[in-house]
Amino acid sequence: MANQKGLTPVHFFSHGSTMMLGEESESANYWKACGDAALANGIEHVIMMGAHWAALGDAIEVSGHPKPGKSPVAYVRPEVYEPYDLNPDLPMSRRVCDILQKAGFKASVNDKFDWIHDTYLILIRMFPGGCPPTTIISMNARYDPHYHMKVGSSLRSLRKERILFIGSGGAVHNLYRNQWAPMIRYRDNFGFSTPPEKWALDFRQEFKNALIGDDLGGNPGRTGGPALRKRVTALMKLPGYRDAHATDDHFMSAMFVAGLCGDWDDVGMYGELGAETWELTNMCNSQFTLGKWVEV
């Protein structure tokens, strides 16, 4: 059994299309429930890795803009997101950058980065009453899975504090193979004329198996440890990976989460698929939590 006493849970959330911000769904309800649980347990900081910000070369960057703007969101009314005040956590950004530098990363603070919907969509849904102090970590544009796993493992010790880690990406996220017509013509991202295709269903199952590990029946399981790292990394070698992820950007935060939960002390930690929402026929938005507040 995992020694998770004093460690905060970690989330992997599939943020989906921009319309997941404006439309109600099972995933949106789960994000809110996770936010409520975090606040009830006294969370003081949020650290995120998204899927829309990547540093070039061998660099990685940490958000440091004191008054970040929001990138515009298509298919969502501006009044849904524009009034929401972002809360950049500048001291934590500096601290995260220092930890990454000591771990050997070419890390720096970017004081000009404006936030993108992959992160603030989740924050608005989780914390509608106000954004907690939040730090965003970029990906590296070479999309090396082991690199991003090491980013997570380098920061794992911060789970001993009142810090909530979130990876925002996608379980099945191939924009080229989505069915866009219902969304473009009718503003309906949940409108299907056919079921999801087999390749999407198959990879969704592989992704679930990798994240929650040993199935306890239904959606919870026992996960964590080096085996979690191995399973998530191995997903990129599956024949169906490129069908499910035409680009690697929405997968790297899963590697980040695997690093955060991949220590030997994490072996056997609880994992659950808490909610799932399909949209645009072939986009699977699975929502995972690794760890439990009752163990903190």
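What radius of gyration would a compact globule of 296 residues have, and what does the protein have?

1. The model under review is predicted. For 296 residues, a compact globule would have a radius of gyration near 19 Å. The protein has 18 Å, which agrees with that expectation. Along the principal axes, the C-alpha atoms fill a box of roughly 50 × 45 × 40 Å.

2. The secondary structure consists of 10 helices and 10 strands. Of the contacts with a separation of 6 or more, 82% are between residues 24 or more positions apart.

3. As to burial, 57% of the 296 residues are buried. The protein exposes about 12,100 Å², and carbon and sulfur atoms supply 52% of this area.

4. The largest pocket has a volume of about 260 Å³. Its lining comprises 19 residues, and those nearest the centre of the pocket are His-52, His-173, Leu-175, Trp-180 and His-250. By residue class, the lining of the largest pocket holds eight nonpolar, 10 polar and one charged.

5. Gly-274 belongs to strand β9, which covers residues 269-279. The relative accessible area of Gly-274 is 27%, and because this value falls between the limits of 20% and 50%, the residue is classed as partly exposed.

6. Which residues does Gly-274 touch, leaving aside those up to four places away in sequence? They are Glu-26, Tyr-30 and Gln-287. Glu-26 is 248 residues from Gly-274 in sequence, yet the two C-alpha atoms are 9.2 Å apart in space.

Key:
Residues are numbered from 1 along each chain as its sequence is written. This is a predicted model: local features need pLDDT of at least 70, side-chain atom pairs count only at pLDDT 80 or more; totals for chains, interfaces and linings use all residues. Side-chain values use heavy atoms; hydrogens and water are left out. On a 1 Å grid over the protein atoms alone, a cavity is a set of points where a 1.4 Å probe fits but cannot get out, and a pocket is an open set with protein on both sides within 12 Å along at least five of seven lines; lining residues have an atom within 4 Å of a point. Grid points are joined across faces, edges and corners, and a volume is the space filled by probe spheres set on the points. Ala, Val, Leu, Ile, Met, Phe, Trp, Tyr, Cys and Pro count as nonpolar, Asp, Glu, Lys and Arg as charged, and the others, Gly among them, as polar. Helices (H or I, at least four residues) and strands (E, at least two) are DSSP runs, numbered from the N terminus. The radius of gyration is taken over C-alpha atoms; the globule rule is 2.2 Å times the number of residues to the power 0.38. Buried means under 20% relative accessible area, exposed over 50%, partly exposed in between (1.4 Å probe, protein chains only). Contact means heavy atoms within 4.5 Å. Accessible areas come from the Shrake-Rupley method with a 1.4 Å probe; for residues, only the protein chains shown count as cover.
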